[in-house]
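Please open the structure in your viewer and keep the selection tool at hand. The stops below are meant to be followed in order, each with something to select and something to look at.

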Amino acid sequence: MASLVGQIEDPLAGAVALAVAGDEAAFARIIRAHHDDMTRVCFLICSDLDLADEAVQSAWLIAWRKLKGLRDPARLRPWLVSVAANEARQILRRNRRTPVVEIAVMDSVMTGPDPAGRTGDLDLANAMARLHPDDRTLLALRYVAGFDSTELARATGRSPSGTRVRLARLLDRLRKDLGDD
Amino acid sequence: MTDRLDFETRLAERLGARAAIASRPFDAAAIAHATVTSDARRPFVRRLVWPSMRPGLALLILAGLLAIALLAVALAGALHVNPLQPPAFPIATGNGWIAVSANPMDVGGGENGDIYRVEVGSPARRIIGSDGDGLAQACPRFSPDGLWLAYGEATASGAVTTFRGNWPVTNRAVAIVRVGRESLTLDDVHKHLAPDGGPIVCPEWSPDGKSVAVIVGPELWIIDAKTAATTVIPLTITAPGKPEFEWSRDGSSIAVAQAVQIRVVHVADQTFRLIPAGDTPIESLQWTAGDRGIVFAAAGGPRGDSSVVRVVDPRDRSGTTLTLDPTDPAVRLDIHSVVVSPDGTRVAWVEGSLRCTAGSCAGLPARLMTRALDGSPAVELPVPVGLGGLQWSPAGDRLLISSTDGLVSVGLAAGTTPTVLSHGDLNLEWSWDEVTWQPLFR
């Protein structure tokens with residue numbers, strides 16, 4: 001029974017072992033499970049679908065090469081998402097992209113019937129664009145990937161308490177920027 | 001505190017909704033295959049392990065290495081070799097014959113794409129392909145030494161319904177054939193099959209002539225011209241049509257037009273840099289002398305509805321516009337076919353224009369423009385025919401124009417008479433960039 005619970009909780013543990021051994025199909029199973037999460041996190045960091053795709057593509061190459069170094073398969077998801085987020089930051093750094101003031105909100109967001117909602121989306125996009133990429137990374141990992149403060153600390157190289165403080169300050173700043181205070 | 005928690009909850013929802021924009025269908029198996037293939041073909045790097053040794057012996061080895069390095073520097077100085085300079089490939093001294101891939105004149109019938117030899121004073125002769133062979137050939141490219149011809153080949157599609165770039169051809173391949181200097185003898189053939197389905201592939205030779213590069217779907221393939229050993233580099237190309245890419249002059253990198261950016265792929269280790277090139281898609285990528293700049297055409301002008309030729313420095317990403325905006329505010333330019341001379345010091349382009357007044361627009365005659373990259377003003381070269389594709393002669397002394405009117409070369413020197421190579425007997429409507437001129441070395 002215990003092993004069954006283990007399988008349910010960690011269905012990709014076997015896939016990791018197989019992928020480490022060079023099994024492409026097993027690697028595809030891992031991609032199927034995590035690609036979407038990684039892309040969403042990267043998009044929030046880059047604000048650009050193409051750059052997000054680049055980051056995730058680079059992340060998969062790193063993952064394939066370094067998967068054997070992953071000691072705990074249960075940590076696969078935070079590890080992959082962290083690698084992707086780091087690639088997104090690296091790409092932004094290489095591009096030296098200047099945050100823009102106005103960002104076109106994507107069609108899928110604009111299709112909603114609520115004009116106030118559209119304005120809110122635009123405000124959020126602009127507020128995000130004004131943040132440092134490291135801060136966007138923190139928000140993406142916390143609110144899109146659902147990292148707890150320990151995972152955030154591992155991913156960002158800060159202490160868990162330092163991460164919480166940073167996150168609290170970020171929330172305060174966003175509340176002001178979005179007129180929610 | 002409750003307000004803060006409420007805000008955090010709402011923020012999480014809104015961030016999640018924004019991030020959901022990036023959720024799109026994907027093919028996990030294809031991503032896995034591309035990743036694994038790319039990794040398997042990366043250069044093998046052996047880790048250097050220093051053996052344990054006595055300090056005295058280590059110092060002796062270091063001194064020996066230092067002596068060898070000093071000797072190498074001295075030798076390089078004596079031979080006038082600067083190791084920091086990229087390898088210099090010779091520029092042709094003469095212009096040989098011209099190969100063209102052309103479609104049948106009867107649009108909607110016949111087979112698509114055979115390769116013809118074109119030269120002054122003779123009618124065009126078909127040299128590759130024949131009626132009924134069921135094969136399409138396109139994009140011929142002479143090797144830098146002029147001794148080989150590479151081209152794309154595929155099972156011919158049916159009737160021509162749109163421009164060649166969107167043909168849904170199958171059994172795609174790259175072919176490389178040996179070409180005699182004085183004859184048409186094709187005495188050696190290498191073929192490398194590419195996956196089925198998609199536009200015919202267009203090869204580009206590396207400057208050293210040792211390999212050709214093609215873009216197949218979202219991948220850049222670098223194929224050894226002798227052994228067919230292939231390196232696959234994943235890309236993220238989303239633009240439809242024929243993807244544009246260009247080898248750097250030292251052969252170390254390939255620039256790929258990727259929407260509004262230039263992706264510079266370093267061939268040796270497959271790393272890449274993205275160079276922002278503005279807000280609109282770019283085309284006509286070309287490298288300048290010493291790989292100090294990448295020239296391209298993009299939208300621009302005062303209102304952003306015109307087009308410009310720009311050059312960007314791939315090292316610091318600084319850019320310069322090489323064209324002037326029209327003085328008449330009602331005129332907007334439509335620039336295409338930007339080409340850099342073989343020595344990398346001049347650029348030429350086709351400058352069409354459109355005058356728009358009171359809701360209607362009228363096209364003006366296109367002009368052939370050229371200018372040096374040193375800052376001198378652009379000059380117009382008179383051309384007796386319509387302007388389509390543009391190409392420099394291998395020796396850099398003439399420009400070759402292809403259009404539905406035919407194939408004409410014009411000299412850069414004042415008073416040079418244009419040379420008509422074909423009077424429209426070849427259908428070059430879709431063949432603007434499918435002309436190649438054999439380099440000669442005397």
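Select Trp97(B), which counts as buried because its relative accessibility is 5% (buried means under 20% relative accessible area, exposed over 50% and partly exposed in between, with a 1.4 Å probe and protein chains only). This is a predicted model, in which local features need pLDDT of at least 70 and side-chain atom pairs count only at pLDDT 80 or more, while totals for chains, interfaces and linings use all residues. Residues are numbered from 1 along each chain as its sequence is written, chains are lettered from A and ligands numbered from 1 in the order in which they are written, and side-chain values use heavy atoms, with hydrogens and water left out.

A search of the whole structure finds three aromatic pairs over all chains, where rings of Phe, Tyr and Trp (its six-membered ring) pair if their centres lie within 6.5 Å, and planes under 30 degrees apart count as stacked, over 60 as edge-to-face and the rest as tilted. The ring centres of Trp97(B) and Phe142(B) are 5.1 Å apart and the planes stand at 90 degrees, so this pair is edge-to-face. Because Trp97(B) belongs to strand 1 (residues 94–102) of chain B and Phe142(B) to strand 4 (residues 135–142) of chain B, the pair ties together parts that are 45 residues apart in sequence; helices (H or I, at least four residues) and strands (E, at least two) are DSSP runs, numbered from the N terminus.

Cys139(B) lies in strand 4 of chain B and Cys202(B) in the loop between strand 7 and strand 8 of chain B, so the bond ties together parts that are 63 residues apart in sequence. Both Cys139(B) and Cys202(B) are buried.

Chain B averages 79, and 78% of the residues score at least 70. Within chain B, confidence is lowest in strand 7 (residues 189–193), at a mean of 64, and highest in strand 8 (residues 204–205), at 96. Over residues 41–53 of chain B the pLDDT is below 50, and beyond near neighbours in sequence this stretch has ten contacts in the model, a contact being heavy atoms within 4.5 Å. Where pLDDT is low, the predicted coordinates should not be read in detail.

Now move to chain A, which has ten helices and zero strands. Select Cys42(A), which is buried with a relative accessible area of 0%, and Cys46(A), which holds the closest cysteine sulfur, 6.0 Å away and too far for a bond. Then select Phe27(A), Trp60(A) and Trp64(A), which ring pairs link into a cluster.

Finally, show both chains. How many residues does the contact take from chain A and from chain B? The contact takes 46 residues from chain A and 38 residues from chain B. The two chains bury about 4,100 Å² between them, 61% of it on carbon and sulfur atoms, where buried area is the accessible area (1.4 Å probe) that two parts lose on being put together, summed over both. Select Glu24(A), Glu54(A) and Tyr143(A), which supply 14% of the area that chain A buries against chain B, more than any other three residues.

How values were computed: pLDDT = per-residue confidence, 0-100. Disulfide = S-S within 2.5 Å.
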